[in-house]
Amino acid sequence: TRDRFGAMMPPAEASPEAQAGFAEFRIHCSKCHAVNGQGGAIGPELNAAASPVEYRPRDWLRTWIDDPSRIAPAARMPALNPALPDRERTIDRILAYLESMARARRTSGGS
């Protein structure tokens with residue numbers, strides 16, 4: 001996994017929730033979003049310059065990931081799969097992953 005997703009991987013010291021969030025992010029988000037330049041290019045990059053966890057409240061992000069059309073009716077981003085079991089936990093894990101990546105970028109002095 002490190003060979004394929006090296007720049008996208010959370011730091012080794014990231015919490016188990018953030019590690020699980022990395023797997024969830026790859027499944028549900030990385031087709032459209034990149035982290036540190038790895039992933040899709042349809043949606044915005046989610047860490048290189050800034051992470052949304054640094055400028056959006058967690059409740060706002062939870063709603064956005066759950067169903068963006070509740071915030072912006074014309075949003076291009078689809079809702080997280082409604083049939084997904086334990087969606088709330090999946091969202092929490094994705095946010096933990098993004099938070100760990102933002103902390104690692106700030107600690108390493110990345111852009």
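1. Let me start with D86, which counts as partly exposed because its relative accessibility is 48%. The cut-offs for these words are as follows: buried means under 20% relative accessible area, exposed means over 50%, and partly exposed lies in between, with a 1.4 Å probe and protein chains only. D86 sits in the loop between α4 (58–66) and α5 (87–108). Its phi is positive, about 60°, although D86 is not a glycine. Most residues other than glycine have a negative phi.

2. Before going on, a word on the source: this is a predicted model, in which local features need pLDDT of at least 70 and side-chain atom pairs count only at pLDDT 80 or more, while totals for chains, interfaces and linings use all residues. Residues are numbered from 1 along each chain as its sequence is written, and side-chain values use heavy atoms, with hydrogens and water left out. Helices (H or I, at least four residues) and strands (E, at least two) are DSSP runs, numbered from the N terminus.

3. N36 also has a positive phi without being a glycine, here about 55°. You will find N36 in the loop between β1 (34–35) and β2 (38–39). With a relative accessibility of 29%, N36 is partly exposed.

4. Now to the charged pairs. How many salt bridges does a search of the whole structure find? The search returns eight, where a salt bridge is a side-chain nitrogen of Lys or Arg within 4 Å of a carboxyl oxygen of Asp or Glu. Side chains of opposite charge can pair when their charged atoms come close.

5. One of these salt bridges joins R105 and E54, with the closest N and O atoms 2.3 Å apart. This pair links distant parts of the chain, since R105 belongs to helix α5 and E54 to helix α3 (residues 52–55), 51 residues apart. R105 is buried at 9% relative accessibility, whereas E54 is partly exposed at 34%.

6. R87 and D66 form another salt bridge, at 2.5 Å from N to O. Here too, distant parts of the chain are linked: R87 is in helix α5 and D66 in helix α4, 21 residues apart. Are these two residues buried or exposed? Both R87 and D66 are buried.

7. R58 and E99 make a salt bridge as well, their closest N and O atoms being 3.1 Å apart. Because R58 lies in helix α4 and E99 in helix α5, the pair ties together parts that are 41 residues apart in sequence. R58 is partly exposed at 32%, and E99 is partly exposed at 24%. Both residues belong to a network of salt bridges that links R58, R62, E88, D92 and E99.

8. Please also look at N47, in the loop between β2 and α3. N47 is buried, with a relative accessibility of 1%. A polar atom of its side chain lies 3.4 Å from the backbone nitrogen of A102. Not counting residues up to four places away in sequence, N47 touches A34, V35, N36, M101, A102 and R105, where contact means heavy atoms within 4.5 Å.

9. The C-alpha atoms of E17 and R93 are 5.3 Å apart in space, although the two residues are 76 residues apart in sequence. Leaving aside neighbours within four places in sequence, E17 is in contact with D92, R93 and A96.

Terms used:
Polar contact = N/O pair within 3.5 Å; in protein donor to acceptor, adjacent residues only side chain to side chain.
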